[in-house]
Amino acid sequence: MMSEKLEGKVALISGAASGMGESHARRLAEEGAKVVLGDIADKEGQALAEEIGADKALFVHLNVADYDSWVSAVEETVKKFGSLDILVNNAGIFTRGNAVDATVEDWQKTIDIDLTGAFYGIKASVPAMREAGGGSIINISSIAGLVGFKNRLAYAAAKWGVHGMTKTSALDFGPDIIRVNSVHPGSVRTPLTAGLKRGFGQIPLGRDADVSEISNLIVFLASDDSAFISGANIAIDGGETAGNNLREDS
């Protein structure tokens, strides 16, 4: 039985049709929130909204790299549910390559979606949160936003940008009682990572995360249980960024 600690709150989640975004949407709804599912995957997003229930969920087409799309999503959120209290900037992609190998096109696409998309989400959402008397913005970054990430230059640059944007926005919007935090997952089992070859020797806990473990943290940061947490960058990685777990102890 869920605690319904988000009863009366309204959340907008980007990239909500699958993967971590889908898990976050389900958990927030289970805890009592009204959820607006933003994604470019219309069929999947609409099906998820219908499954959660028309009284608790709404799907909106959201291209996070388009500011007007964000404005429309916020407007539809407020029209349907009356306010906006929680923003989960979840949508993202990753591309490979270092500064020589990465294509200009991949660089721009990654920055547009992973970094500029989060900026647009904050920019579009803050006025509605001010109207609501405050809110919680949760930016999904990555451990690639805490340490270097070999051969993932654009992704790391975007996720470090989200890290910095989180801390700066926490300062900027604290007087509005708007909290801004970032979550930095390590290895997580999702459809996006299903085909990747990964060893877990670098992770002290010796495994990847179930997506529900990330969603539990999202619920905490969205709820009043975290009312005095803002500007935090929280690693949820089984200890992977704590240090060199592969170093010999002799």
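# Notebook: cores, a helix and salt bridges

**Entry 1. The cores.** I began with the largest nonpolar core, which has 30 residues. Leu 28, Val 35, Leu 37, Val 88, Ile 138 and Val 183 have the most contacts inside this core. I then listed the elements that give two or more residues to it: β1 (10–14), α1 (19–30), β2 (34–39), α2 (42–52), β3 (57–61), β4 (86–89), β5 (135–140) and α6 (211–222). The largest share comes from α6, with 7 residues. I note that the model is predicted. In soluble globular proteins, nonpolar side chains tend to be buried together.

I picked Val 88 and looked up its contacts, leaving aside neighbours within four places in sequence. Val 88 is in contact with Leu 12, Ile 13, Ser 14, His 24, Leu 28, Ile 138, Ile 140 and Ile 218. I also found a second, separate core of 28 residues. Val 64, Ala 118, Met 129 and Val 180 are among its members.

**Entry 2. Helix α3.** Next I checked the length of α3, residues 67–81. At 1.5 Å a residue, its 15 residues should span 21 Å. The end C-alpha atoms are 21 Å apart, so the span agrees.

Which residues of α3 are buried? I found Ser 69, Trp 70, Ala 73, Val 74, Thr 77 and Phe 81. Seen down the helix axis, the buried residues fall within an arc of 135°, so they line one face of α3. An α-helix has 3.6 residues a turn, so residues three or four places apart point the same way. The face turned away from the buried side carries Asp 68, Glu 75 and Lys 79, which are exposed. I looked for what covers the buried residues, and the cover includes β1, β2, β3, β4 and α4 (104–132).

Then I looked at the ends of α3. Asp 66 caps the N-terminal end, with a side-chain oxygen 3.1 Å from the backbone nitrogen of Asp 68. Just after the helix, Gly 82 takes a positive phi of about 95°.

**Entry 3. Ser 169.** I found Ser 169 in helix α5 (residues 153–173). Is Ser 169 buried or exposed? Its relative accessible area is 7%, so Ser 169 is buried. A polar atom of its side chain lies 2.9 Å from the backbone oxygen of Met 165. Beyond neighbours within four places in sequence, Ser 169 is in contact with Ile 122, Gly 174 and Val 180.

**Entry 4. Salt bridges.** How many salt bridges does the structure hold? I read off 10. Side chains of opposite charge can pair when their charged atoms come close.

Glu 22 pairs with Arg 26, the closest N and O atoms being 2.9 Å apart. Both lie in helix α1, 4 residues apart, about one turn of the helix. Glu 22 is partly exposed at 23% relative accessibility, and Arg 26 is partly exposed at 27%.

Glu 31 forms a salt bridge with Arg 27, with 3.2 Å between the closest N and O atoms. Glu 31 is buried at 4% relative accessibility. Arg 27 is buried too, with a relative accessible area of 14%.

I then looked up Asp 176 and Arg 130, whose side chains meet in a salt bridge of 3.2 Å, N to O. Asp 176 lies in the loop between α5 and β6 (178–185) and Arg 130 in helix α4, so the pair ties together parts 46 residues apart in sequence. Asp 176 is partly exposed, with a relative accessible area of 24%. Arg 130 counts as partly exposed at 45%. Last, I noted that salt bridges with shared partners join Glu 22, Arg 26 and Glu 51 into one network.

Terms used. Residues numbered from 1 in each chain as written. Predicted model: local features only at pLDDT ≥ 70, side-chain atom pairs only at ≥ 80, totals over all residues. Heavy atoms only, no water. Buried < 20%, exposed > 50% of the residue type's maximum accessible area, 1.4 Å probe, protein only. Polar contact = N/O pair within 3.5 Å; in protein donor to acceptor, adjacent residues only side chain to side chain. Contact = heavy atoms within 4.5 Å. Core = buried A, V, L, I, M, F, W, Y, C linked by side-chain atoms within 4.5 Å. Expected span 1.5 Å × (residues − 1). Arc of directions from axis to C-beta. Salt bridge = Lys/Arg side-chain N within 4 Å of Asp/Glu carboxyl O.
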